[in-house]
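Keep the sequence and the model open beside it.

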Amino acid sequence: MIAVRINTEGFEYDIHSLVKAFYPKDEVKVFLDGTKSLFSDADKPAIIITRYADDANGEYQIRIRVLDGTDHSSEAESREVILSSTPSKSEIRNGIKQIIYQSLSKYTEHDLPWGSLTGIRPTKIAMSLLQEGKSDTEVSSYLKEQYFTSDLKIKLGIDIAKRERDILAHIHHENGYSLYIGIPFCPTTCLYCSFTSNPICSWASRVDDYLSALEKEIKASAEIMKGKILDTVYIGGGTPTTLSHFELKRLIEAIKTSFDWSHVCEFTVEAGRADSITREKLLVLKELGVTRISVNPQTMNDITLQRIGRQHSVRQVIEAFALAREIGFTNINMDLILGLPGEGEGEVAHTLSEIEKLKPDSLTVHTLALKRGSRLVEWIEQNGWEALREPEKAMELAVASAEKMHLYPYYLYRQKNMSGNFENVGYAREGCYGIYNILIMEEIQSIIALGAGSISKRVDPDGRIERCDNVKDVNLYMEKIDEMIERKRKLFCAPTP
């Protein structure tokens, strides 16, 4: 266990996230002075962070001490940072993260690719600085000095921020919005997954009821957003194509007859898993105007597919992709996950070689994230951390493969507990960028989200963000659909403060 003791509350989440990035295999606990703790039980370095004001010289100081040894009697590393006499909360937070990063980087002799950045949207910083008129050099210097970000990730962040800016130039930011529809069913639940998904075999008799509740929410939401411009539509999950082709037709027709479709520039459906894709379903999607789909293998190794709980083969992935091309889809995304159990460079290289043969229009490369709600936690306890390989070399292979296919990075996000402290990156060829993906990450447009487990977001012109969520449980969602609608009405119809 890694124990961190602090003398003031309010920064526990940031501290935990950064320390955990240095010690991904260890339990990290943050304790507040004065509370009963197991601080003395730490079997690795213990960390003490103290912040205080020095009235004598008008300085505000933050100090860190890294204690080593079995009894934590020796101080292996210490440093302090001095802030202005009245620092803001963000200045204090950044000061704490800076000294944690510098101390642990020296102590562990290990650098993190994103430095002290712990948020999920690092490109927002580069984007905001570029919008202020800063040059690439100025943005780079800021990220290096403030967050110790590596040169490689700085370049990636700036490149993506510029591409996002160009892609979103025609989007209606203030009077526009995007629509998300969640289908919380899957053929099976994957080993690493913590999303709202339910095995379709257990819910087949209730899908009609779910769609009825969803149709009620669709009609009400269209009325709530009346007068605003709908830019993008995204049907995700779960796996939307667990629905039959009749059910998909019913759902999409309900959406298109309820919402004003005159400005929609992108309509995405996650076809997802190969064992849920049929000719009839793809024909429905094509005939009803879907412009972008995903066929997501995650790996092109059959042994790994079985290990992570996917009941389809690599051959089915290839056949599903070819079928989508035959039917006429010209914007097909594929998702991969680096760092899957048992996969090293050889397995990743094979996957990328197979993907290159298919020539997808976009490729989303995920780094495995350890999520508390997934079965992966239990799997690691049974098989050990040794079965998970560091994804650094695999990431290099994926970047080279994307370049070979002339796919360019266009959006990026991070998650807690990601292998190697890396990121998820979307690559696409020109004209095939996933606009909704950028909008959900950069938070510059409101998104109304329908279905069990979805989260709606209102973005005001001044950048203020308000959210409301739908319950995750499918039965509760259907029972409380009127309440879910009322939450949206209060969120989107409330006057801007």
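At what angle do helix 1 (residues 12–22) and helix 2 (residues 89–108) pack? The angle is about 15 degrees, and their axes lie 10 Å apart. Axes are lines fitted to C-alpha atoms, for helices over the stretch in contact, and angles run from 0 to 180 degrees between N-to-C directions. Helices (H or I, at least four residues) and strands (E, at least two) are DSSP runs, numbered from the N terminus.

This is a predicted model, in which local features need pLDDT of at least 70, side-chain atom pairs count only at pLDDT 80 or more, and totals for chains, interfaces and linings use all residues. Residues are numbered from 1 along each chain as its sequence is written, and side-chain values use heavy atoms, with hydrogens and water left out.

## Two helix pairs

Helix 1 and helix 2 are therefore roughly parallel to each other. Angles under 35 degrees count as roughly parallel, over 145 as roughly antiparallel, 65 to 115 as roughly perpendicular and the rest as oblique. Helix 1 passes helix 2 in a right-handed crossing. A crossing is right-handed if the near helix is turned clockwise from the far one by less than a right angle, and left-handed if anticlockwise.

Helix 1 supplies Asp 14, Ile 15, Leu 18, Val 19 and Phe 22 to the contact (heavy atoms within 4.5 Å). From helix 2 come Arg 93, Ile 96, Lys 97, Ile 100, Tyr 101, Leu 104, Ser 105 and Thr 108. By class, this contact has eight nonpolar, two polar and three charged residues. Ala, Val, Leu, Ile, Met, Phe, Trp, Tyr, Cys and Pro count as nonpolar, Asp, Glu, Lys and Arg as charged, and the others, Gly among them, as polar. An α-helix has 3.6 residues a turn, so residues three or four places apart point the same way.

Helix 9 (residues 279–287) and helix 11 (residues 314–327) pack at about 40 degrees, with their axes 10 Å apart. Helix 9 and helix 11 are therefore oblique to each other. The crossing of helix 9 past helix 11 is right-handed. Arg 279, Leu 282, Leu 283 and Lys 286 of helix 9 meet Ala 320, Leu 323, Ala 324, Glu 326 and Ile 327 of helix 11. The classes here are six nonpolar, no polar and three charged residues.

## Buried residues

Which residues does Tyr 234 touch, not counting residues up to four places away in sequence? They are Leu 179, Tyr 180, Ile 181, Thr 268, Glu 270, Arg 292, Tyr 436 and Asn 437. Tyr 234 is found in strand 9 (residues 229–237). At 8% relative accessibility, Tyr 234 counts as buried. Buried means under 20% relative accessible area, exposed over 50%, and partly exposed in between (1.4 Å probe, protein chains only).

Ser 294 sits in strand 11 (residues 292–295). Ser 294 is also buried, at 3% relative accessibility. Leaving out residues up to four places away in sequence, Ser 294 touches Val 269, Glu 270, Ala 271, Gly 272 and Asn 333.

Both residues make side-chain polar contacts. A polar contact is a pair of N or O atoms within 3.5 Å; within protein, one must be able to donate a hydrogen and the other to accept it, and residues adjacent in sequence count only if both atoms are side-chain atoms.

| Side chain | Partner side chain | Polar contact |
|---|---|---|
| Tyr 234 | Glu 270 | 2.5 Å |
| Ser 294 | Asn 333 | 3.2 Å |

Thr 149 lies in the loop between helix 4 and helix 5. Thr 149 is buried, with a relative accessible area of 1%. Its contacts beyond four places in sequence include Pro 113, Trp 114, Gly 115 and Leu 117.

In helix 3 (residues 123–131), Thr 123, Ile 125, Ala 126, Met 127, Leu 129 and Leu 130 are buried. Their cover includes helix 4 (136–147), helix 5 (151–167), strand 14 (408–413) and helix 15 (435–442).

## Backbone exceptions

Most residues other than glycine have a negative phi, and most peptide bonds are trans. Glu 109 has a positive phi, near 55 degrees. Glu 109 is placed in the loop between helix 2 and helix 3. Glu 109 is exposed, at 74% relative accessible area.

Lys 359 has a positive phi of about 60 degrees. Lys 359 is in the loop between helix 12 (345–358) and strand 13 (362–367). Lys 359 is exposed, at 60% relative accessible area.

A cis peptide bond joins Gly 237 and Gly 238, with omega about 15 degrees. Gly 238 lies in the loop between strand 9 and helix 8 (245–258).
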